[in-house]
Amino acid sequence: MSNQSLVPKSKQELAKFKNEVASAMNVPFSDYNGNLTSKQCGSVGGEMVIRIVEQHEKGL
């Protein structure tokens, strides 16, 4: 299987979204996040899922 993205722009957009969520939650994301706790990183991921689901439900 190729490592090529089906939608190349999606990787950049997802990174932008992740950084927006992290900023709103006052989690200092950067190029290196080894200094963050699992709880901090997980809370950003969880909030991203919540927002994605909410947007999807609005579109139904």
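Student: How do the axes of α1 and α2 lie, and at what angle do they cross?

Tutor: An axis is a line fitted to C-alpha atoms, for helices over the stretch in contact, and angles run from 0 to 180 degrees between N-to-C directions. Here the axes of α1 and α2 come within 9 Å and cross at roughly 110 degrees. Before we go on, please keep in mind that this is a predicted model, where local features need pLDDT of at least 70, side-chain atom pairs count only at pLDDT 80 or more, and totals for chains, interfaces and linings use all residues. Residues are numbered from 1 along each chain as its sequence is written, and side-chain values use heavy atoms, with hydrogens and water left out.

Student: Which residues do the names α1 and α2 cover?

Tutor: Helices (H or I, at least four residues) and strands (E, at least two) are DSSP runs, numbered from the N terminus. In this model α1 is 8–24 and α2 is 38–59.

Student: What word describes how α1 and α2 are set to each other?

Tutor: Angles under 35 degrees count as roughly parallel, over 145 as roughly antiparallel, 65 to 115 as roughly perpendicular and the rest as oblique. α1 and α2 are therefore roughly perpendicular to each other.

Student: Is the crossing of α1 and α2 left-handed or right-handed?

Tutor: A crossing is left-handed if the near helix is turned anticlockwise from the far one by less than a right angle, and right-handed if clockwise. α1 passes α2 in a right-handed crossing.

Student: Which residues of α1 and α2 meet?

Tutor: Contact means heavy atoms within 4.5 Å. From α1, L14, F17, K18, V21, A22 and A24 meet V44, E47, M48, R51 and I52 of α2. By class, this contact has eight nonpolar, no polar and three charged residues. (Ala, Val, Leu, Ile, Met, Phe, Trp, Tyr, Cys and Pro count as nonpolar, Asp, Glu, Lys and Arg as charged, and the others, Gly among them, as polar.)

Student: What does F17 touch?

Tutor: F17 sits in helix α1. Leaving aside neighbours within four places in sequence, F17 is in contact with M48, R51 and I52. F17 and M48 are 31 residues apart in sequence, yet 7.8 Å apart in space, C-alpha to C-alpha.

Student: Which residues make up the largest nonpolar core?

Tutor: In soluble globular proteins, nonpolar side chains tend to be buried together. A nonpolar core is a set of buried Ala, Val, Leu, Ile, Met, Phe, Trp, Tyr and Cys residues joined through side-chain atoms within 4.5 Å, where buried means under 20% relative accessible area, exposed over 50%, and partly exposed in between (1.4 Å probe, protein chains only). The largest one here has seven residues: V21, A22, V27, F29, L36, V44 and M48. The elements giving two or more residues to this core are α1 and α2.

Student: Where is C41, and what does C41 touch?

Tutor: C41 lies in helix α2 and is partly exposed, at 30% relative accessibility. C41 touches F29 and L36, not counting residues up to four places away in sequence.

Student: What can we say about the loop residues N26 and S30?

Tutor: Both N26 and S30 are in the loop between α1 and α2. N26 is exposed, with a relative accessible area of 70%, and has a positive phi of about 60 degrees although it is not a glycine. S30 is partly exposed, at 41%.
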